[in-house]
Amino acid sequence: MAWDEWEQLKADAADRHPARMQLNHLPDPGTGGTSAYGDLKVSDADLAQIGKEAHSLYDQLQHKARVAQSSSESAAGDLAGQGFLLGKGLKHVARRWDEQLTSLLDACGQISNHMHVTKRIHAGDDGYIGRAMSSIDTLDAGFDERVGAPGKKNPVYYGHPKKKH
């Protein structure tokens, strides 16, 4: 995309929405506006499914992508031994295939492991944030002058006064 083209797209977007310009976003179909909570949302189930798929791909690649490895290397050695240059080429291709496959297997393993770790870390973060927020609420209530009458103990910290019969 040329710079002039980009500038024209920005100007067109500004003309459509003179109050504000917004790129790379579609309005929420339910409300016609944007979400109050942001656009990115992922659940533990989503993370688990991504990790499961990465692990499944790893297993399939491990078992199915190396089927021809030994026969390719054997044929390469046989052809090279007979003086054919094709043997060297086949050996090079087989070696590169194995290198690329190893790299892909490593990536799948890292994705799978990362999803499990991310799920655990964020579960701990959510608990920590919840505890921190609830303690802030308690602290705020303690400083709120409207909580109790002047001169009385704050019920947030001392509970409700017991009635004597």
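Residues are numbered from 1 along each chain as its sequence is written, and side-chain values use heavy atoms, with hydrogens and water left out. Because the model is predicted, local features need pLDDT of at least 70 and side-chain atom pairs count only at pLDDT 80 or more, whereas totals for chains, interfaces and linings use all residues.

Begin with helix α1, residues 3-16, where helices are DSSP runs of H or I with at least four residues, numbered from the N terminus. Select W3, W6 and L9, which make a nonpolar surface patch of about 340 Å²; such a patch joins nonpolar side chains (Val, Leu, Ile, Met, Phe, Trp, Tyr) within 5 Å, from residues with over 30% relative accessible area and no salt bridge, and the areas come from the Shrake-Rupley method with a 1.4 Å probe, only the protein chains shown counting as cover. L9 has a relative accessible area of 42% and is partly exposed, a class that lies between buried (under 20%) and exposed (over 50%).

Because K10 and E7 are three residues apart in helix α1, they are separated by about one helical turn. By this rule the model has three salt bridges.

Next select D98 and R66, another salt bridge, with its closest N and O atoms 3.7 Å apart. This pair links distant parts of the chain, D98 in helix α4 and R66 in the loop between α2 (44-64) and α3, 32 residues apart. D98, at 26% relative accessibility, is partly exposed, and so is R66, at 30%.

Move on to helix α3, residues 69-81, whose 13 residues reach 18 Å from first to last C-alpha, close to the 18 Å expected at 1.5 Å a residue, that span being 1.5 Å times one less than the number of residues. Just after α3, select G83, which takes a positive phi of about 90°.

Finish in helix α4, residues 85-143. R96 and E99 meet there in a salt bridge of 2.8 Å, N to O, and lie three residues apart, about one turn of the helix.

Terms used: Helices (H or I, at least four residues) and strands (E, at least two) are DSSP runs, numbered from the N terminus. Patches are made of residues with over 30% relative accessible area and no salt bridge: like charges are joined within 9 Å, nonpolar side chains (Val, Leu, Ile, Met, Phe, Trp, Tyr) within 5 Å. A salt bridge is a side-chain nitrogen of Lys or Arg within 4 Å of a carboxyl oxygen of Asp or Glu. Buried means under 20% relative accessible area, exposed over 50%, partly exposed in between (1.4 Å probe, protein chains only).
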